[in-house]
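Thanks for passing this one along. Here are a few notes to read beside the model.

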Amino acid sequence: MKEISINGTARVAGGKKAAKALRAEGMIPCVIYGEQKNEQGLPVAFDFAVSERELNKLIYTPNIYLVNLTIDGKTCKAVVKDAQFHPVRDNVLHVDFYEVSENKPIVMAVPVQTEGLAEGVRAGGRLALMLRKLKVRATYANIPEKLIVKVEHLGLGKSVKAGDLSFDGLEIVTPKEVIVCTIKMTRAAAAAAAAAKKEG
């Protein structure tokens, strides 16, 4: 997994007015949930802000990153847990981070990439990627930048489900029945199949 360094500034938690004022200054309100737990056993949240320009390098990319997050001189490793966007302008409004450690597994959505020319595509079908990211659980050192799904064996109308896949050092969290990719029948392929059936 790629790494990126982000600098933040601690802030006092505020309401919508405080968040709006921050954004007007080009800063985005953020929260990091750390290793420390409260009395209810839930992660303690720490409020901070990051410049929108710096945050955009992390958010508007297909890549996933391990974040070296420095807040007022103190650095920790984190991943993006959630991001909220403006419903119309699509600019980022708020980001939640989750602090990670070397030995503690985390859940992340990892981009999927298909590899190979499927039998069904050679027969005139079309490969459709139904799921762009798979959720996996592993320590951050074992999480790759992308997951390669080989499709050479896929015939017309056949699919690869999450339950069909396995990767070293990773546990797939996405439900087993979810379709990752499939070979869709095109008109040309249907016509060729019908012609072959008639000839046979």
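**Notes on the model**

1. His 94 is buried, at a relative accessible area of 16% (buried means under 20%, exposed over 50% and partly exposed in between, with a 1.4 Å probe and protein chains only). Its place is in strand S6, residues 92-99 (strands are DSSP runs of E, at least two residues, numbered from the N terminus).

2. A word on the basis: this is a predicted model, where local features need pLDDT of at least 70, side-chain atom pairs count only at pLDDT 80 or more, and totals for chains, interfaces and linings use all residues. Residues are numbered from 1 along each chain as its sequence is written, and side-chain values use heavy atoms, leaving out hydrogens and water.

3. The side chains of His 94 and Asp 96 are joined by a polar contact of 3.2 Å (a pair of N or O atoms within 3.5 Å, one able to donate a hydrogen and the other to accept it). Setting aside neighbours within four places in sequence, His 94 also has contacts (heavy atoms within 4.5 Å) that include Arg 11, Cys 30 and Asp 82.

4. You will find two aromatic pairs in the structure (ring centres within 6.5 Å; planes under 30 degrees apart are stacked, over 60 edge-to-face, the rest tilted). One of them, Phe 48 with Phe 97, is tilted, at 5.7 Å centre to centre and 40 degrees between the planes. Phe 48 lies in strand S3 (residues 43-51) and Phe 97 in strand S6, so this pair ties together parts 49 residues apart in sequence. Phe 48 is buried at 0% relative accessibility, and Phe 97 is buried at 0% too.

Methods. Helix = DSSP H or I, 4+ residues; strand = E, 2+ residues; numbered from the N terminus. Phe/Tyr/Trp six-rings, centres within 6.5 Å; stacked < 30°, edge-to-face > 60°.
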